[in-house]
Amino acid sequence: MLTGVREETDRAFHVGLARATGNGALIRVVEELWNQRAEMWRRTQQHFHTRGLAEKTLRDHAAILKSVAARDPEGA
């Protein structure tokens with residue numbers, strides 16, 4: 001299911017950013033918050049998710065990842 005793949009990929013992105021900090025507390029907080037929001041997110045996706053929003057999210061994530069790789073905290 002595409003929604004499940006998108007959800008897992010988005011979770012991996014955010015948890016990966018937290019892991020990149022090397023801050024164990026931040027990693028645990030991001031993982032826990034993600035787990036708490038999962039059900040609510042599934043419900044709102046049905047009503048508010050659009051192709052345009054998905055495309056913007058992917059562009060935003062790509063820009064953040066590029067800034068992290070370039071060690072540009074302002075860009076990230």
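Reader: How confident is the predictor in this protein, and what does pLDDT stand for here?

Author: This is a predicted model, in which local features need pLDDT of at least 70 and side-chain atom pairs count only at pLDDT 80 or more, while totals for chains, interfaces and linings use all residues. The protein averages a pLDDT of 84, and 89% of the residues score at least 70, where pLDDT is the predictor's confidence in each residue, from 0 to 100. Confidence is lowest in helix 2 (residues 24-48), with a mean of 81, and highest in helix 3, at 88. Residues are numbered from 1 along each chain as its sequence is written, and side-chain values use heavy atoms, with hydrogens and water left out.

Reader: What makes the pattern of this protein α-α-α?

Author: The secondary structure comes to three helices and zero strands, counted as DSSP runs numbered from the N terminus (H or I, at least four residues, for helices; E, at least two, for strands). Read along the sequence, that gives the pattern α-α-α.

Reader: Why is Asp10 called buried?

Author: Buried means under 20% relative accessible area, exposed over 50%, and partly exposed in between (1.4 Å probe, protein chains only). Asp10 has 17% relative accessibility, and therefore counts as buried. Asp10 lies in helix 1 (residues 2-20).

Reader: Why does Ile64 count as partly exposed?

Author: The relative accessibility of Ile64 is 23%, so this residue of the protein counts as partly exposed. Ile64 is found in helix 3 (residues 51-69).

Reader: What makes the link between the side chains of Asp10 and His61 a polar contact?

Author: A polar contact is a pair of N or O atoms within 3.5 Å; within protein, one must be able to donate a hydrogen and the other to accept it, and residues adjacent in sequence count only if both atoms are side-chain atoms. The side chains of Asp10 and His61 are joined at 3.4 Å, as a polar contact.

Reader: How do you know that Glu31 and Arg19 meet in a salt bridge?

Author: A salt bridge is a side-chain nitrogen of Lys or Arg within 4 Å of a carboxyl oxygen of Asp or Glu. For Glu31 and Arg19 the value is 2.9 Å, N to O, and their side chains meet in a salt bridge. This pair links distant parts of the chain, with Glu31 in helix 2 and Arg19 in helix 1, 12 residues apart.
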